[in-house]
Amino acid sequence: MLREEKADKDFKVIHRQRYNFVYKNLPYAIDIYDNLYGQPKTYILRFANNNKESVETLTPDFLQKIEDVTKNPKYSLKSIARIEKNA
C-alpha cells in the first residue's frame, strides 16, 4: 500500500517554501504559504525561544511583524493541513 493510500483523508498535503537563515547566532526559518486563509502569500517566521525572551527582542530588525501567531492554534501545521468540510 502506498503512503498516500494510508494518509488521513481529513488532511491535505502542505505545500510551502522554507528559507533558513542565521541572524545574531540564532537559527530562523521563514515558511511561505500560498493562499492560506484567503491571503495570496503568508510568511511565518519560526525560531526556537528556549529562554522565553520576548518575540519582539528575537525578531530580526529587517522584518516587519504583522501578528504574533505563537499561541494561535489556527497556524499550527495540523490546522493548516485540515481539510475544511462544507456544513
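**View 1. Strand S2 in the lining of the second largest pocket of the predicted model.** S2 gives 4 residues to this lining, the largest share from any element. Helix H3 (77-81) also supplies at least two residues of the lining, as does S2.

**View 2. Centre of the second largest pocket.** The volume of the second largest pocket is about 260 Å³. Its lining is made up of 13 residues, and those closest to the centre are Lys 12, Asn 35, Leu 36, Tyr 37 and Ile 80. Sorted by class, the lining of this pocket holds 6 nonpolar, 3 polar and 4 charged residues.

**View 3. Centre of the largest pocket.** The largest pocket has a volume of about 1000 Å³. Tyr 43, Ile 44, Leu 45, Glu 67 and Val 69 are the closest to its centre among the 28 residues that line the largest pocket.

**View 4. Strands S2 and S3 in the lining of the largest pocket.**

**View 5. Residue classes in the lining of the largest pocket.** Glu 67 is one of the residues closest to the centre of the largest pocket.

Notes. Residues numbered from 1 in each chain as written. Predicted model: local features only at pLDDT ≥ 70, side-chain atom pairs only at ≥ 80, totals over all residues. Heavy atoms only, no water. 1 Å grid on protein atoms, 1.4 Å probe; cavity = no way out; pocket = protein on both sides within 12 Å on 5 of 7 lines; lining within 4 Å. Points joined across faces, edges and corners; volume = space filled by probe spheres on them. Nonpolar A, V, L, I, M, F, W, Y, C, P; charged D, E, K, R; others polar.
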